[in-house]
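Here are a few notes to read alongside the structure. Take them one at a time, and find each residue in the viewer as you go.

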Amino acid sequence: MKKFFSVMILCISIFTWAQQTEVPFIGYRAFDIMKGYSGTGTPHYYLDLKNNGDVHFGYVQVNQASGEETTEEINAGKYAPNKVMKVVFKKYEETFFVKFDKDKIYLTDEKGNVKNLEGCCSSTESINKETCTCESEFLK
């Protein structure tokens, strides 16, 4: 019986190890895809990539008039390279799709095509462009 349990534990360990994907980083990263709206009290978004591959997305928003802080964090699933992740925040009924790598995060459609929108331009870029690629470097 001991041999049976030892073999079972070994098999489960191997299976679990085989399913793990190498993550591009571990920890907290802030991002700002909608650059044109920074500083207006809009949410400050972040992701927290756990060492087990779980990806948590969240935001912190401070109401500029009252100083009231609103936060929310959700688990969007396991990391996989080029995986499109659906992020659903319930408090503000907000849903968006993203994919990310070691250095950047991209706002995409459901199929993973990176979006080009007016709101993704910084104030400097908006002088010369109508739309910009919806991407952001990670801020530590």
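**Notes on strands, a buried lysine and aromatic rings**

In strand E6, Phe-96 is the bridge partner of Val-87.

1. Start with that bridge, and keep in mind that this is a predicted model. Strand E5 covers residues 85–89, and strand E6 covers residues 94–100. The two run antiparallel and are joined by five bridges.

2. Now look at which way the side chains of E5 point. In a regular strand, side chains alternate between the two faces of the sheet.

3. Next comes the turn. The hairpin of E5 and E6 has four residues between the strands, and Glu-93 takes a positive phi near 50° there.

4. Lys-99, in strand E6, deserves a careful look. Which side chain of opposite charge is nearest to Lys-99? That is Asp-109, 7.7 Å away; Lys-99 is buried yet has no salt bridge. What Lys-99 does have is a polar atom of its side chain 2.9 Å from the backbone oxygen of Gly-112. Leaving aside neighbours within four places in sequence, the contacts of Lys-99 include Asn-82, Val-84, Ile-105, Tyr-106 and Val-114.

5. Turn to the loop between strand E1 (27–31) and strand E2 (44–49), where you will find Asp-32. Is Asp-32 buried or partly exposed? Its relative accessibility is 31%, so Asp-32 counts as partly exposed. Asp-32 and Pro-43 are 11 residues apart in sequence, and their C-alpha atoms are 9.2 Å apart in space.

6. Aromatic rings are worth a tour of their own, as the count comes to 14 aromatic pairs. One of them is Phe-31 with Phe-57, an edge-to-face pair with 6.4 Å centre to centre and 85° between the planes. Phe-31 sits in strand E1 and Phe-57 in strand E3 (residues 54–62), 26 residues apart, and the pair links distant parts of the chain. Both Phe-31 and Phe-57 are buried.

7. Compare that with Tyr-59 and Tyr-92, a tilted pair with 5.9 Å centre to centre and 45° between the planes. Tyr-59 lies in strand E3 and Tyr-92 in the loop between E5 and E6, so this pair ties together parts 33 residues apart in sequence. Tyr-59 is buried at 0% relative accessibility, whereas Tyr-92 is partly exposed at 43%.

8. Finally, step back to see how ring pairs link up into a cluster. Among its members are Phe-31, Phe-57, Tyr-59, Phe-89, Tyr-92 and Phe-96.

Key: Residues are numbered from 1 along each chain as its sequence is written. This is a predicted model: local features need pLDDT of at least 70, side-chain atom pairs count only at pLDDT 80 or more; totals for chains, interfaces and linings use all residues. Side-chain values use heavy atoms; hydrogens and water are left out. Buried means under 20% relative accessible area, exposed over 50%, partly exposed in between (1.4 Å probe, protein chains only). Two strands pair if DSSP finds at least two bridges between them. Lys and Arg count as positive and Asp and Glu as negative; His and the chain ends are not counted. A salt bridge is a side-chain nitrogen of Lys or Arg within 4 Å of a carboxyl oxygen of Asp or Glu. A polar contact is a pair of N or O atoms within 3.5 Å; within protein, one must be able to donate a hydrogen and the other to accept it, and residues adjacent in sequence count only if both atoms are side-chain atoms. Contact means heavy atoms within 4.5 Å. Rings of Phe, Tyr and Trp (its six-membered ring) pair if their centres lie within 6.5 Å; planes under 30 degrees apart count as stacked, over 60 as edge-to-face and the rest as tilted.
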